[in-house]
Amino acid sequence: MNEHDSERMLALLEGCGYRETKHVEEADVMLVNTCTVREKPEQKAYSMVGRFQQLKEDNPHAIIGITGCVAQQEGERLLGRIPALDFVLGPGKIHKLPEILRDAEKGKRGTCSVGFENGCPTNLPTPHTAQLRAYVTIMQGCDNFCSYCIVPTVRGRERSRPSAAILAEIETLIRQGTKEITLLGQNVNSYAKHTPGELTFPQLLAKIDEIPGLERIRFTTSHPKDLTEETIEAFGYVEHLCEHLHLPFQAGSNAVLERMNRGHTREEYLAQIKKVREVSPQMGITADVMVGFPAEEEEDFDQTLELIRRVEFDGLFSFKYSPRPGTRAARWKGECTPEVKQRRLEILQGLQRGITLKKNKELEGSVKEILVEGRSRNSPHTMRGRTRCNRIVNFPGGSDLVGALVFVKIAKGLQNSLRGERCG
Ligand code: SAM
Ligand code: SF4
């Protein structure tokens, strides 16, 4: 989501006559697009602003802005705390960036624009540069209020974009060369839940599938509570919908899930995974999980490990719980010590590494359709692409293949990727 917001801000900056530089010392505008979902990214953002502040000593006309969720969370306080800061811009006000910059160029500094507009999310410009794989926002915000999560506070209530605007944006992207789109939202399964007469999420997928020139469709993130049978069934008939589902489960213990206010049990989660695999046996399944939630006991953690063994995820994003300001869980007693969190995280990640490697090895000998993205990082004669189930594949080939769909026979399953030979 933040990456996508950064792309949109870049497009707005280009519209104001700015150009991207890879060298921060050359920059006249420095934006730190922040995330506050956990403590660590927030701290990283502050240290980056500190670095930009030093650069401003050599270029006093430079403009520094904090954008994103820390901007929404802290607002005006940031201007008081960081003297070199010129503006603060929340994620619901990105469209105001050109106006704020024009003012800052004229010397009007110290603006704070945060909050959310009612109704549907604002349409923002599509980046002009051709993107093989592009994100398309279909909804913003979240109404779920999981007890640990700051997203509803810093991204606002759920708002869905009209399907006509989504389809038009995808058509524009395809004309510019996009082959794969990822539909984005904090909870895509509740798309247009509050908009009578609008397409449902699976209907939207079917409509997107009809757009000529689009090769692949993905979506993220799904919430187990809102993932309907109709959406699961869409994997069986929406031709360009890739066999990849990211379905966070957060914890394997019902007691913890209840305190998290997730609205589903481990049994319901497992039943959904079973159904998904019935509809699409090749499905790559990934998830988010947390360790060290307040009062998480060893038995609760064991149930998380047991669920991971049972599902055999293709990959996991695993996090140590960190209290976030204003959330309910931040007020609760029983926080696990940093040592406990670290140990549980290491055990969990070790278990998942073994499963990922095993599943990658199981693919040896199979033939997979790959969308070629570019050169491999390690060798100039090797190309890199992705399977429909979202695995990275490296294979010998030339850069003329970028953007092509090719078939590759998998020769080797490694920890983080696959290696193969082109066969069509
Ligand atoms: N909307 C998505 C969902 O419900 O699954 C995820 C949104 S959140 C930006 C991404 C992930 O961050 C969550 O799935 C959760 O695992 C993790 N997360 C959220 N709040 C956290 C916290 N306070 N501490 C640690 N991890 C957190
Ligand atoms: Fe946060 Fe829960 Fe909403 Fe996901 S569903 S964004 S974890 S409140």
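Mentor: Happy to! Let's start with a pair of helices: helix 9 passes helix 11 in a right-handed crossing. Please keep in mind that this is a predicted model. Two packed helices are described by the angle between their axes and the distance between the axes. Here, helix 9 covers residues 229-237 and helix 11 covers residues 266-279, and they pack at an angle of about 25° with their axes 8 Å apart. Angles under 35 degrees count as roughly parallel, and helix 9 and helix 11 are therefore roughly parallel to each other.

Now look at the loops beside these two helices. The loop between strand 9 (216-220) and helix 9 is where you will find T221. A cis peptide bond joins T220 to this T221, with omega at about 5°. Next, find the loop between helix 10 (254-260) and helix 11, which holds N261. N261 is not a glycine, yet its phi is positive, at about 60°.

For another helix pair, turn to helix 1 (residues 2-15) and helix 5 (residues 97-105), whose axes come within 9 Å and cross at roughly 50°. Helix 1 and helix 5 are therefore oblique to each other. Their crossing, too, is right-handed.

From the helices we can move on to the ligands. Around ligand 2 you will see C142, N144, F145, C146, Y148, C149, V151, P152, Q186, H223 and R262. Sorted by class, that shell has seven nonpolar, three polar and one charged residues.

Ligand 1 is surrounded by 16 residues, the closest being R38, Q186, Q250, D288 and S322. By class, the shell of ligand 1 has seven nonpolar, four polar and five charged residues.

Let's zoom in on some of its contacts. The side chain of D288 has an N or O atom 2.6 Å from an oxygen atom of ligand 1. For R38, a side-chain N or O atom is 2.9 Å from an oxygen atom of the ligand. With S322 it is the backbone that takes part: one of its N or O atoms lies 2.8 Å from a nitrogen atom of ligand 1. On its own, ligand 1 has 560 Å² of accessible area, and the protein covers 90% of it. The elements that give two or more residues to this shell are strand 11 (284-291) and strand 12 (315-320).

Conventions: Residues are numbered from 1 along each chain as its sequence is written. Chains are lettered from A and ligands numbered from 1 in the order in which they are written. This is a predicted model: local features need pLDDT of at least 70, side-chain atom pairs count only at pLDDT 80 or more; totals for chains, interfaces and linings use all residues. Side-chain values use heavy atoms; hydrogens and water are left out. A residue is near a molecule or strand if one of its heavy atoms lies within 4 Å of it. A polar contact is a pair of N or O atoms within 3.5 Å; within protein, one must be able to donate a hydrogen and the other to accept it, and residues adjacent in sequence count only if both atoms are side-chain atoms. Accessible areas come from the Shrake-Rupley method with a 1.4 Å probe; for residues, only the protein chains shown count as cover. Helices (H or I, at least four residues) and strands (E, at least two) are DSSP runs, numbered from the N terminus. Ala, Val, Leu, Ile, Met, Phe, Trp, Tyr, Cys and Pro count as nonpolar, Asp, Glu, Lys and Arg as charged, and the others, Gly among them, as polar. Axes are lines fitted to C-alpha atoms, for helices over the stretch in contact, and angles run from 0 to 180 degrees between N-to-C directions. Angles under 35 degrees count as roughly parallel, over 145 as roughly antiparallel, 65 to 115 as roughly perpendicular and the rest as oblique. A crossing is left-handed if the near helix is turned anticlockwise from the far one by less than a right angle, and right-handed if clockwise.
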